[in-house]
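Welcome! Let us take a walk through this model together, one stop at a time.

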Amino acid sequence: MERTRAKKSLGQNFLVDGNIVSRIIDAAQLNADDAVLEIGPGRGALTSRLSASSGCVVAVERDRDLLPVLHEKLAEVENVEIVHGDILRIDIRGLLSERRPGRWKVVANLPYNISSQILFAFLECRSLISRMVLMLQKEVGDRLVAGPGCRDYGILTVLCANYFDIERVCLVKPTSFRPVPKVESAVLRFRVLQSPRVDVGDEDLFRKVVKAAFGQRRKTLANCLKSLSLVAGEAVIETALERAGIDGKRRGETLSLVEFAGLTREIRALL
Ligand code: SAM
């Protein structure tokens, strides 16, 4: 079959390194009872190995041109369902729970241009997932494991830290892909925690507080939190900061997860 040209707009850098495929499959620790969701199967570099190691695979691919390639490659395989769709628009909860109850594993070499959005989407439906093994741009991986005060520490770091245990499995050189990307990559393993690491009191408010705190990195925390005015006025924020023992002159990126949680609970208590 004629090969389709890789589409940059869809983050298409196909994995051609069998060793990295094996590292990803090993990190997922699959067994015959596992149901796996693959995001962006591409030309199927991971898909057939996933199908051989698990009970079933649902693979969501946005590029219609790749569907015949996948169907041909997986013609002999019975436990893979290819779904044509955009992972950011699909009802992920419906997709998974309609097919199989229980928790799924997510395995993917992500399209890098939307990897943060995909992570936010999976934070929302983490109750349906036990673990994820994801290939990401190295910089995004660095952000996910950064500590307070580091340049890489951000919204995604704080939100993910509360719900996942994250470890880096390996770094991946650009030459492991075709076409060869300009950036380095990393494989990360996310284990979904049984319960959040800290009690934030109100998850929706927690997300808003974290987003506001990182809104403008050069501003003080107190100034950044003014953008929460529709939820909590200045007086509430001031009192909450005081009660949480946090100096409003600090920058948002210096707050630990525990401090963000404490601040959220204090704001909640004052509303
Ligand atoms: N898994 C393949 C591999 O490792 O060779 C392909 C990985 S490639 C980095 C990313 C894949 O995600 C591409 O096949 C691309 O078409 C697909 N993709 C891009 N955006 C998507 C979206 N919003 N929903 C589902 N798939 C998407």
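Is aspartate 152 buried, partly exposed or exposed? Aspartate 152 is partly exposed, with a relative accessible area of 24%; here buried means under 20% relative accessible area, exposed over 50%, and partly exposed in between (1.4 Å probe, protein chains only). Before going on, please note that this is a predicted model, in which local features need pLDDT of at least 70, side-chain atom pairs count only at pLDDT 80 or more, and totals for chains, interfaces and linings use all residues. Residues are numbered from 1 along each chain as its sequence is written, and side-chain values use heavy atoms, with hydrogens and water left out.

Aspartate 152 has a partner: a salt bridge (a side-chain nitrogen of Lys or Arg within 4 Å of a carboxyl oxygen of Asp or Glu) joins aspartate 152 to arginine 151, with the closest N and O atoms 3.9 Å apart. Arginine 151 counts as exposed, at 72% relative accessibility. Elsewhere, salt bridges with shared partners join Glu124, Asp204, Arg207 and Lys208 into one network. A search of the whole structure finds 18 salt bridges.

Another of these pairs is arginine 99 with glutamate 81, whose closest N and O atoms are 2.7 Å apart. Because arginine 99 lies in helix H4 and glutamate 81 in strand S4, the pair ties together parts that are 18 residues apart in sequence. Helices (H or I, at least four residues) and strands (E, at least two) are DSSP runs, numbered from the N terminus. Both partners are partly exposed: arginine 99 has a relative accessible area of 34%, and glutamate 81 is at 32% relative accessibility.

Now turn to the interior. In helix H5 (residues 115–124), the buried residues are Ser115, Ile118, Leu119, Phe122 and Leu123. Seen down the helix axis, they fall within an arc of 145° (taken from the directions from the axis to the C-beta atoms), so they line one face of H5.
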